[in-house]
Amino acid sequence: QGQREAAASVAASLLEVELNAKGRMRAIDKLQAVAEFMPDGTIVTANANFLTTMEARLEEIKGKHHRIFMSPDDQQGSYNTFWSRLASGEPQAGVCRRISRSGKEVWMQATYSPILDLQGKVFRVVKFATDITAERKQAVLNGAFKGALGNIAASLVVADNDGRIIYVNEAAAALMSRVQADFRRDLPDF
């Protein structure tokens with residue numbers, strides 16, 4: 001009787017652990033692009049978010065090396081070091097540039113995590129990523145906008161829709177500095 005209860009308790013605990021792990025993966029799958037690789041970079045599987053982001057179907061990428069998402073320029077020495085480090089168990093994270101199957105540039109905030117077997121050897125690498133292409137393009141556009149405005153000789157102040165000043169070029173800052181005392185005297189509540 002006692003052994004049955006102990007076995008039932010262990011089975012219930014294992015079931016809870018399995019359900020928790022599956023639930024966690026479903027939650028991650030809803031928001032992240034996830035792909036699984038062999039330690040050498042061969043693609044094992046990928047979720048729908050990854051496939052959509054990279055404009056691919058699993059059957060066309062499974063069994064191929066991760067480099068199919070790299071430009072030739074990005075496949076140099078540091079790329080090989082990247083996979084060597086993963087294969088030795090060292091996680092890798094950061095912003096990375098990839099190329100979708102249709103040739104579009106994709107920017108991802110990604111974490112590549114080695115998965116160890118019972119002997120402590122890497123047997124898989126899992127990638128969790130978020131597509132940040134739109135944010136990256138906006139940052140480049142904002143940089144170009146700021147650079148262009150900074151080079152204007154006229155005084156320029158930019159405000160948002162709520163009237164908050166979001167940008168002042170050097171000419172406007174210098175002018176404001178020169179007339180600051182006059183502003184404070186004539187407009188004390190400004």
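Predicted model: local features only at pLDDT ≥ 70, side-chain atom pairs only at ≥ 80, totals over all residues.

I found five strands in an open sheet, reading S2-S1-S5-S4-S3, with antiparallel pairing. Which strands stand at the edges? They are S2 (43–46) and S3 (92–99); each has a single partner strand, so one side of each lacks a neighbour in the sheet. Going from one strand to the next, I noted an average twist of 30°.

**Strand S1 and its partners**

Next I looked at S1, residues 33–37. Towards S2, I counted three bridges in the antiparallel sense. I wrote down two of the facing residues: Ala35 has Ala46 of S2 as its bridge partner, and Glu36 sits opposite Thr45, also in S2.

I then followed the chain from S1 to S2. The two strands make a hairpin with five residues between them.

How many residues of S1 are buried? I got four of its five, so I put S1 down as mostly covered, buried being under 20% relative accessible area.

**His66**

I went looking for His66 and found it in the loop between helix H3 (58–61) and helix H4 (77–87). Is His66 buried or exposed? It is buried, because its relative accessible area is 1%, and the cut-off for buried is under 20%.

I also listed what His66 touches, skipping residues up to four places away in sequence. The list holds Phe37, Gly41, Ile43, Tyr79, Trp83, Arg98, Tyr112 and Lys127.

**Gln109**

My next stop was Gln109, in strand S4 (residues 105–116). With a relative accessible area of 39%, Gln109 is partly exposed. Which residues does Gln109 contact, leaving aside neighbours within four places in sequence? I listed Gly94, Val95, Phe128, Ala129, Thr130 and Ile132. For Phe128 I looked up the spacing too: it lies 19 residues from Gln109 along the chain, and their C-alpha atoms are separated by 8.5 Å.

**Lys146**

I found Lys146 in helix H5, which covers residues 133–150. Lys146 is exposed, because its relative accessible area of 53% is over the 50% cut-off. I also checked Lys146 against Tyr167: the two are 21 residues apart in sequence, and 8.3 Å apart from C-alpha to C-alpha.

**A nonpolar patch on the surface**

Last, I turned to the surface. Which residues form the nonpolar patch? I noted Val157, Ile165, Val168, Met176, Phe183 and Leu187, which together have about 490 Å² of accessible area. Strand S7 (165–168) and helix H6 (170–186) each supply at least two of the patch residues.

I picked one member to look at by itself. Ile165 belongs to strand S7, and with a relative accessible area of 57% it is exposed.

Methods. Residues numbered from 1 in each chain as written. Heavy atoms only, no water. Pairing = 2+ DSSP bridges. Axes fitted to C-alpha atoms, helices over the stretch in contact; angles between N-to-C directions. Patch = residues over 30% accessible without salt bridge, like charges linked within 9 Å, V, L, I, M, F, W, Y side chains within 5 Å. Areas by Shrake-Rupley, 256 points an atom, 1.4 Å probe, with all protein chains shown as cover. Salt bridge = Lys/Arg side-chain N within 4 Å of Asp/Glu carboxyl O. Buried < 20%, exposed > 50% of the residue type's maximum accessible area, 1.4 Å probe, protein only. Contact = heavy atoms within 4.5 Å.
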